[in-house]
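Have the picture open while you read.

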Amino acid sequence: MEYKLYSEEDSCGIEVLRRGQRVRVIPDIGEKEKLSELVALLNELGADEEQLDYIIEDHLTFFSR
């Protein structure tokens, strides 16, 4: 599983890749700088895709102020 920063025009989010193929995009969830830090952590820790929604919810609740 690999996570990448996703950006399109004014939207910034997270792209989920499995074996190099896009399997999911979560658009418009935050600022580029903070999301790039989150994406790096997701990859570093090997975060499970099943937990991604909970991780994003926590990120938005506690770290996007």
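This is a predicted model: local features need pLDDT of at least 70, side-chain atom pairs count only at pLDDT 80 or more; totals for chains, interfaces and linings use all residues.

## Getting your bearings

Helices (H or I, at least four residues) and strands (E, at least two) are DSSP runs, numbered from the N terminus.

Residues are numbered from 1 along each chain as its sequence is written, and side-chain values use heavy atoms, with hydrogens and water left out.

## Three salt bridges

A salt bridge here is a side-chain nitrogen of Lys or Arg within 4 Å of a carboxyl oxygen of Asp or Glu. How many salt bridges does this rule give? The count comes to three.

Start with Arg-18 and Glu-49, whose closest N and O atoms are 2.7 Å apart. Arg-18 belongs to strand β2 and Glu-49 to the loop between α1 and α2 (52-62), so this pair ties together parts that are 31 residues apart in sequence. For the next bit you need some cut-offs: buried means under 20% relative accessible area, exposed over 50%, and partly exposed in between (1.4 Å probe, protein chains only). The areas themselves come from the Shrake-Rupley method with a 1.4 Å probe, and for residues only the protein chains shown count as cover. Arg-18 is partly exposed at 34%, whereas Glu-49 is buried at 18%.

Next up, Asp-53 bridges to Arg-24, with 2.4 Å between the closest N and O atoms. Asp-53 sits in helix α2 and Arg-24 in strand β3, so the pair ties together parts that are 29 residues apart in sequence. Asp-53 is partly exposed, at 42% relative accessibility, and Arg-24 is partly exposed too, at 26%.

Is Glu-15 buried or exposed? Glu-15 is buried, because its relative accessible area is 12%. You'll find Glu-15 in strand β2 (residues 11-18).

The side chain of Glu-15 meets that of Arg-22 in a salt bridge (2.7 Å, N to O). These two side chains also make a polar contact at 2.7 Å. A polar contact is a pair of N or O atoms within 3.5 Å; within protein, one must be able to donate a hydrogen and the other to accept it, and residues adjacent in sequence count only if both atoms are side-chain atoms.

## A negative patch

Which residues form the negative surface patch? They are Glu-8, Glu-9, Asp-10 and Asp-28. Patches are made of residues with over 30% relative accessible area and no salt bridge, with like charges joined within 9 Å and nonpolar side chains (Val, Leu, Ile, Met, Phe, Trp, Tyr) within 5 Å. Lys and Arg count as positive and Asp and Glu as negative, with His and the chain ends not counted. The place of a charge is taken as NZ of Lys, CZ of Arg, CG of Asp or CD of Glu.

## Loops and a helix residue

Asp-28 is exposed, at 56%, and its phi is near 50 degrees, a positive value in a residue other than glycine. Arg-19 isn't a glycine either, yet has a positive phi of about 55 degrees. Look for Arg-19 in the loop between β2 and β3, where it counts as exposed at 79%.

Finally, Glu-33 is in helix α1 and is exposed, at 60%. The C-alpha atoms of Glu-33 and Leu-5 are separated by 9.8 Å, although these residues are 28 apart along the chain.
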